[in-house]
Amino acid sequence: MASNTTPAVSDNRDILIIVLAGSVVLALAFGVRSVFGGIVQPLSNDLFDGRIEVFSLSIAIQNLVWGLAQPVFGIIADKFGDRRALWLGFFCYVAGMLICVVGTTPLAQHAGAGVLVGMGISGTAFGVVLAVVGRAAPADKRSHYLGITSAMGSAGQVVLPLVVSWLVEWLDWRMTLVVVTFALAPMALCIPFLRANVSPTTASAHNDSITQTVRKAFGHSSYTLLSAGFFVCGFHLAFITAHLPNYVQNFCVSTASAAELRALGLQALALAGFANIFGTLLASHLGTRFPKPYVLAAIYALRALAILIFISLPVTPTSVMIFALVMGGLWLSTVPLTSALVLTMFGPRAMGTLFGFVFLSHQLGGFAGVWLGGIVFDRYASYDQVWYLAIGLGVISAIAHLLVQERAAPSTGLAYGK
């Protein structure tokens with residue numbers, strides 16, 4: 001096709017269109033995903049006699065499938081085109097949401113909210129979208145554009161949880177999910193604009209070396225440490241997203257009703273999404289002034305400290321919102337730094353594939369965080385064990401990132417420079 005014979009996008013207008021379209025796709029992908037924490041209790045009360053472990057497993061499967069499918073979608077994007085991967089993800093997302101609406105059994109929820117939505121996020125979230133931005137952006141501005149796209153992608157997490165906290169009381173959880181499913185429609189308008197052209201030389205080199213590239217990546221210690229550290233990011237984010245509303249509802253010291261406290265938890269997630277916009281931009285800026293592994297180590301250490309302080313004090317509406325504000329500043333700030341490090345190590349040609357494997361580790365952590373949260377709460381009526389585990393993992397991840405080296409992987413022949 002003609003698109004395969006044109007140079008990489010360098011015109012400012014083109015890259016700004018790609019960043020805008022990518023931001024909208026990310027905002028919807030993450031915004032819709034973030035509403036599940038607000039329906040865990042109503043759905044569980046309606047379908048599973050109040051046992052949240054069943055739907056928690058669905059969300060855990062979602063995180064696991066998101067991770068397992070991410071390298072696959074990355075390979076599809078790298079070899080067959082970004083938009084094919086994006087369209088496949090979009091249709092999986094819509095189908096999964098609709099099955100979640102009509103499903104009445106654990107199997108249906110696991111298939112819909114779990115497998116299909118997980119695949120949908122794989123095809124429409126960071127792995128594919130940031131790969132497009134990374135390939136399209138000039139080499140000297142990649143970190144900048146990756147940071148902007150990641151930050152603006154948080155807008156959906158600001159808006160949709162607030163909408164759902166109102167809809168779930170005014171309608172019910174089913175009709176709320178119907179409305180949220182329709183919110184995915186603008187994604188279809190943006191996908192055609194997410195296109196980064198590559199030269200035939202680059203494409204040919206990539207097709208010939210993708211297996212070898214992956215093999216060398218896993219033999220590179222900094223890449224494996226980066227992947228292991230990202231497991232912790234997934235654990236933190238998925239556990240908090242899925243269980244914070246329920247945690248606030250059950251443990252917040254307040255005279256508010258259960259519904260009002262659950263809404264408070266959703267509002268806290270929205271605040272975290274808002275704070276994430278600024279936290280991600282700040283982290284991206286710091287990554288241009290200081291070694292990115294050190295900035296990542298600081299983020300994980302600060303997360304551990306924030307969690308420790310939060311659970312050590314009485315849980316009040318004020319402490320919940322302060323915790324959300326602090327964690328929001330540390331929320332997705334890891335993503336542009338991590339993706340930029342992958343680009344630094346191996347260049348943009350196999351970005352979708354290599355970041356997909358890193359993100360697989362992230363989602364394995366997400367699976368563990370969500371499912372353990374449901375199991376521990378059902379068994380002990382408490383989240384304490386999971387909170388303490390999150391603290392310990394944060395400390396370990398901070399140490400691991402101090403060992404990551406910010407430089408091209410030796411003898412790969414793939415790096416294009418920072």
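Rings of Phe, Tyr and Trp (its six-membered ring) are taken as a pair if their centres lie within 6.5 Å, and the planes count as stacked when under 30 degrees apart, as edge-to-face when over 60 and as tilted for the rest. In this predicted model, whose residues are numbered from 1 along each chain as its sequence is written, local features need pLDDT of at least 70, side-chain atom pairs count only at pLDDT 80 or more, and totals for chains, interfaces and linings use all residues. Side-chain values use heavy atoms, with hydrogens and water left out.

By the ring rule, the count comes to 29 aromatic pairs. F90 and F91 form an edge-to-face pair, with 5.4 Å from centre to centre and 65° between the planes. One aromatic cluster is formed by F239, Y247, F251, F310, F323, F377, Y383 and W387. With buried meaning under 20% relative accessible area, exposed over 50% and partly exposed in between (1.4 Å probe, protein chains only), F90 is buried at 9%, whereas F91 is exposed at 53%.

A search of the whole structure for disulfides (pairs of cysteine sulfur atoms within 2.5 Å) finds 0. C100 is in no disulfide, and the nearest cysteine sulfur, that of C92, is 15 Å away. C100 counts as buried because its relative accessibility is 0%, and C252 counts as buried at 9%.

The predictor's confidence in each residue, pLDDT, runs from 0 to 100; the chain averages 84, and 91% of the residues score at least 70. Over residues 1-10 the pLDDT is below 50, and this stretch has 21 contacts in the model beyond near neighbours in sequence, a contact being heavy atoms within 4.5 Å. Where pLDDT is low, the predicted coordinates should not be read in detail.
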